[in-house]
Amino acid sequence: MFDPKTKVLVVDDMLTMRKIVTKILKELGFSDIHEAQDGQEAWDKCQTGGFGLIISDWNMPNCTGLEFLRRIRADQKLAKTPFLLVTAEAEQSQVAEAIKCGVDQYVVKPFSKDALKVKLESTYKKVSVRLAA
Amino acid sequence: MDSFVRPCYQVEKHEGYTVVKLEASLDFTNCKVFETQVEEISSNVYVVVNCDSLPELPKDWLRCLLKMHLNTKRDNKFLKLIHVNGMLQSCLKREGIDTTFRVAKDLRDALQETGLAPKRTLDTEFINPFLTATVHVLKVQAQIEATAGQIYMKKPREVMTGDISGVIGIISDTFDGSVVISFPEKTFLKVISSMLGEEYTKIDQEIVDGAGELTNMIFGQAKIVLNEKGYGIKTAIPSVISGKDHSLSALTKGPVVVVPFTTPHGKFFVEICLSQ
């Protein structure tokens, strides 16, 4: 599992959803949690943020979660940041597109604390393998 | 669906026609598999190839499309491409086959001359996914049990009122509609308080978008189920209407179904509208 000291960035245009994710993360022991309301603001924060985990909504105005993910994976400094996408619509074609862009995991809304925990554990395992390679 | 798959095409068979959706990740290996299915896909049916988000067609895939095109011609049917963007048009021109394939705007346009364009009605197949999604979303995200009441058709001059509502448009190639989820203040505050783990006593900027997020989740869940049945509903962003006893009208003209729900914290309702 992630070290609870990991610095996390939660990205969502809906304040309510940011609050839900933050609440669950706190229940899972995380405390260093930051927020951004779209991909552009998140990208700006990543330039100096040093985040160890990004949890981003998919469907956002200005810069979508997928566009934000593409920018992260294309950036030499940020490319290996663990990235979890949150979506309300997990259709096969969309999932395939997210994998192509390098997402580590995705979670479908609505989700419980346990569901997010499972996804975080899976993300952590994937990232550990990636970093060891 | 909880596993990662990498399909680069999907085939939906309907009565009299087949829709083939090609993804941007077309590769040689999947083309070999697709090639073995060409005869089955294109025999004695109209074929519509959805090229949405496809920047180009590799030569192997073009060959498969040409085979399907010839099969449909043999059977006095047709193959049409839909959602063809500028890049793909240039690619077809480069290959010298830009006039070989017939191109249509969307599925409805492609099937217009055949009379097969799917008609959608406000039946249980369409309504039930929204009903199930509403119950599921409230249970998982707010730990609240909602129970659906008697569904009824809204009368022409009937006015529904709520204190806060989430609205989302239903857009697809073959029909339009809308979904509205409307709460009295008391019910909404209980739902949001339960979702966020804090007690809220008034609707303010901090929680107002919660109605939109609930709508988004319910729409998203229903969309997965409906699109597996070939409805082709596209992604949309919800909006929120807030104000004591505001009245609501659907985004599109057509019959409206009202689904009343009860919870231990009060009532709310969902309105589903489908244009004719």
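## Chain A: the parts list

Helices, counted as DSSP runs of H or I with at least four residues, and strands, counted as E runs of at least two, are numbered from the N terminus. By that count, chain A of this predicted model has five helices and five strands. Read from the N terminus, they come in the order β-α-β-α-β-α-β-α-β-α.

## Chain A: overall shape

Along the principal axes, its C-alpha atoms fill a box of roughly 35 × 30 × 30 Å.

Take the chain A contacts with a separation of 6 or more, and 59% of them come from residues 24 or more positions apart.

## Chain B: a look at β12

Over in chain B, strand β12 covers residues 266-274. Is β12(B) mostly covered or mostly open? Mostly covered: seven of its nine residues are buried.

β12(B) pairs with β9(B), residues 176-183, in the antiparallel sense over six bridges. Within that pairing, Ile181(B) has Val270(B) of β12(B) as its bridge partner.

β12(B) also pairs with β11(B), residues 256-263, again antiparallel, this time over eight bridges. Here Phe261(B) stands opposite Phe268(B) of β12(B). β11(B) and β12(B) make a hairpin, with two residues sitting between them.

Notes
Residues numbered from 1 in each chain as written. Chains lettered and ligands numbered in written order. Predicted model: local features only at pLDDT ≥ 70, side-chain atom pairs only at ≥ 80, totals over all residues. Buried ≥ 20, exposed ≤ 12 C-beta atoms within 10 Å, placed from the backbone. Pairing = 2+ DSSP bridges. Contact = placed C-beta atoms within 7 Å.
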